[in-house]
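Open the model in your viewer and keep the selection tool at hand. Each stop below names what to pick and what is there.

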Amino acid sequence: MPQRDEDDDEPVFKKSQWGTNRYVYNANNPIGLALIIISCVVFVVFMYLIQARKGPFEPPKQTPWSPSINENPTYPWDEHDEHEHDTPPTDATPSAYATPSAGLTPSGGESPSAAR
């Protein structure tokens with residue numbers, strides 16, 4: 001096994017030369033170079049999976065709509081008598097107890113008694 005010189009011992013991470021206090025992979029170290037290559041491969045694979053919508057980025061399967069399990073549901077408005085809410089009568093005769101509301105005349109203006 002060949003001997004390595006002490007000068008060739010490079011760290012895996014080194015300080016960034018961009019003036020920040022961050023550390024970056026050292027390409028002069030074989031492990032740092034492997035980490036750079038693995039990071040690039042993982043990035044390319046994830047970009048492909050996102051673009052192709054595969055793997056964890058695959059949209060969920062669309063299931064067709066289906067009616068509820070209960071084929072004949074009952075609703076609160078169905079519990080009343082069916083003939084109770086038929087169409088209103090067509091004759092417009094007011095009842096004997098009808099009173100005008102808010103002092104408005106049928107034409108929409110105020111009645112003379114409400115203006116006083």
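Start with the whole chain. Of the contacts in the protein with a separation of 6 or more, 0% come from residues 24 or more positions apart; contact means heavy atoms within 4.5 Å. This is a predicted model: local features need pLDDT of at least 70, side-chain atom pairs count only at pLDDT 80 or more, and totals for chains, interfaces and linings use all residues. Residues are numbered from 1 along each chain as its sequence is written, and side-chain values use heavy atoms, with hydrogens and water left out.

Colour by secondary structure. Helices (H or I, at least four residues) and strands (E, at least two) are DSSP runs, numbered from the N terminus.

Now show the surface. The protein exposes about 11600 Å², with carbon and sulfur atoms supplying 59% of it. Areas come from the Shrake-Rupley method with a 1.4 Å probe; for residues, only the protein chains shown count as cover. Buried residues make up 4% of the 116 residues. Buried means under 20% relative accessible area, exposed over 50%, and partly exposed in between (1.4 Å probe, protein chains only).

**Stop 1: the aromatic pairs**

The structure holds two aromatic pairs. Rings of Phe, Tyr and Trp (its six-membered ring) pair if their centres lie within 6.5 Å; planes under 30 degrees apart count as stacked, over 60 as edge-to-face and the rest as tilted.

Select Phe 13 and Tyr 25. Their ring centres are 5.6 Å apart and their planes stand at 35°, so this pair is tilted. Phe 13 sits in strand β1 (residues 13-15) and Tyr 25 in strand β2 (residues 23-25), twelve residues apart. Phe 13 is partly exposed at 47% relative accessibility; Tyr 25 is partly exposed at 34%.

Next, select Phe 46 and Phe 57. This pair is edge-to-face, with 6.2 Å from centre to centre and 80° between the planes. Phe 46 lies in helix α1 (residues 30-52), Phe 57 in the loop between α1 and α2 (112-115), so the pair ties together parts eleven residues apart in sequence. Phe 46 is partly exposed at 40%, and Phe 57 is partly exposed at 33%.

**Stop 2**

Ile 38 is in helix α1.

**Stop 3**

Go to Arg 53, in the loop between α1 and α2. What is phi here? Near 50°, a positive value in a residue other than glycine. Most residues other than glycine have a negative phi. Arg 53 is exposed, at 54% relative accessibility.

Lys 54 lies in the loop between α1 and α2. Lys 54 is partly exposed at 43%. Not counting residues up to four places away in sequence, Lys 54 touches Tyr 48 and Leu 49.

**Stop 3: Asn 29**

Finish at Asn 29, in the loop between β2 and α1. Asn 29 is buried, with a relative accessible area of 10%. A polar atom of the Asn 29 side chain lies 2.8 Å from the backbone nitrogen of Ile 31. Leaving aside neighbours within four places in sequence, Asn 29 is in contact with Glu 10, Pro 11 and Val 12.

Technical notes:
A polar contact is a pair of N or O atoms within 3.5 Å; within protein, one must be able to donate a hydrogen and the other to accept it, and residues adjacent in sequence count only if both atoms are side-chain atoms.
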